[in-house]
Amino acid sequence: MAKEKNIGNAGWHLENSYKTLPSFFYSEIELNPVSEPELVILNDALAKELGLDADVLRNEHVVDVFAGNEMPKNGAQIAQAYAGHQFGYFNMLGDGRALLVGEQITPDGDRFDLQLKGSGRTPYSRQGDGRAALGPMLREYIISEAMHALGIPTSRSLAVVKTGEPVYRETVLDGAILTRVAASHIRVATFQYAAKFGSYEQLKELADYTIDRHYPEVAQEENPYLALFEKVMERQASLVARWQLFGFIHGVMNTDNVTISGETIDYGPCAFMDTYKQDTVFSSIDTQGRYAYGNQPQITGWNLARFAESLLPLIHEDPEQAVEMAQEKLEQYPNYFYAVWLQGMRAKLGLVTEEAEDSQLVKALQEAMEKYEADYTNTFRALAENSRPVNLFFSSSEFKEWEQKWHERLGNQGTSLEDVSDLMLRSNPAIIPRNHRVEEALEAAVENADYTVMQQLLEALADPYKLAAEHKHYAEPPDKGCGPYRTYCGT
Ligand code: AMP
Ligand code: MG
């Protein structure tokens, strides 16, 4: 009895609006309890934002919630259905290893999904075991929290528990469950599922629910579904522009990993780029480079086209007219992307005014960076700090020529050097989750149950625009001798 009481006192304030949708959209699932759950990391700051009491959450009984052994009051206990394109091929998917605990209503009245990732088999598991390994769940925790601190919309990570049970991949690994927090888990693939397998009514119910939850302002529009498409396009364009600006490579931009809210979701083989190179791919399964850094904006366009297709019956009753209307909107996508991206690049270079030649200025910089294998993050940061490290890039004639043009451009805008410097330091992080540092933290945690390395890394990543003396080593790129970094989906 004490157990239930403690769980009840953590500050849960759960609702389950998703369950107002037809049961076609989800499956009620049985819990799959694990034998020895152990809380290995808890996000105190996020708990607070959610209105949860971190001290109570640390209570030994509450770990049962994070382990999926027990549901808090009003827990939803469902797996969501979806179907979408993986590397261009359509598949029936769904939460094969996740369960939605419910929607936590925060003290500010906001609504966030709490989802357990790695919580066991569901009707959508196909051949999978429904489980997740400790390393990848901690990796998601680190990178999603880093993204948040950088100011990139993202799902977040509240807690990781070790299950005390093995998971079998290429080797035997420790099982773990991540509590993921997101504005919602409605994806392009949720709409594709409704369009492919559902009725017109079901598709409409999903769209109306989504509008109500994320874009209530479009309900009043003459064509709310076309307006919904445009909103999502705007958010996704802005999201992928930010990924480009920070050198983030998602790695698996399948339509099930594209949220309607515009948050980054599903951290699998993602990684930040060190050396600037448009065709960078980290994921071992992305053999064709479909999701390479330079392809990401185009792929978002492709994913948005799949979203538009699924909305067609709602956009207009005449299919041809619907296609025409959706097409007309979709054609705007490159402009949406480019506007956010260019504005972001201007900020990175301290430019507050707009000149027609700005895109040329950025392009010349990128070309020189790629030619001289410059570190993406550190090159911009050096410009912001007005330092010129000794390396091939900064000593090249291309850079010197570029620098002169850039200085002229800055001079013409009539802004004080101080303002330019402020803007640049706010727009160019010093610290990103560099792959070698993430690996080092994961190794200590997974191999030696030493979480201090990860805690220190998280602390540095929480303040990415400052470079405290004790965090300097996090800003250093890996040794070139390390060879190309590879990420694995072996989650
Ligand atoms: P992801 O690559 O994480 O986006 O997952 C793609 C699909 O595979 C989703 O439907 C997941 O639920 C499912 N999936 C991934 N890993 C597992 C697993 N270990 N067991 C069951 N389903 C899984
Ligand atoms: Mg996914």
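User: How much space lies in the largest pocket, and what counts as a pocket?

Analyst: About 1100 Å³ lies in the largest pocket of this predicted model. On a 1 Å grid over the protein atoms alone, a pocket is an open set of points with protein on both sides within 12 Å along at least five of seven lines. A volume is the space filled by probe spheres set on the points, which are joined across faces, edges and corners.

User: Which residues line the largest pocket?

Analyst: Lining residues have an atom within 4 Å of a point. Here there are 40, and D274, T275, D375, P478 and K480 lie nearest the centre. Two or more residues each come from α13 (376–385), α14 (392–395) and α17 (435–448). The top contributor is α13, with five residues. Helices are DSSP runs (H or I, at least four residues), numbered from the N terminus.

User: How does that lining divide by class?

Analyst: Ala, Val, Leu, Ile, Met, Phe, Trp, Tyr, Cys and Pro count as nonpolar; Asp, Glu, Lys and Arg as charged; the others, Gly among them, as polar. The pocket lining has 18 nonpolar, nine polar and 13 charged residues.

User: How many cavities are there?

Analyst: A cavity is a set of points where a 1.4 Å probe fits but cannot get out. Two reach 30 Å³ or more.

User: What do domain 1 and domain 2 bury between them?

Analyst: The bounds, 4–182 for domain 1 and 188–341 for domain 2, come from an automatic or database domain assignment. Buried area is the accessible area (1.4 Å probe) that two parts lose on being put together, summed over both. The two domains bury about 3200 Å², 65% of it on carbon and sulfur atoms. In domain 1, F24, H85 and F87 lose the most area to domain 2, together 22% of what that side buries.

User: How many salt bridges are counted between domain 1 and domain 2?

Analyst: A salt bridge is a side-chain nitrogen of Lys or Arg within 4 Å of a carboxyl oxygen of Asp or Glu. The count between the domains is four.

User: Which conventions apply?

Analyst: Residues are numbered from 1 along each chain as its sequence is written, and chains are lettered from A and ligands numbered from 1 in written order. Local features need pLDDT of at least 70, side-chain atom pairs count only at pLDDT 80 or more, and totals for chains, interfaces and linings use all residues, while side-chain values use heavy atoms, leaving out hydrogens and water.
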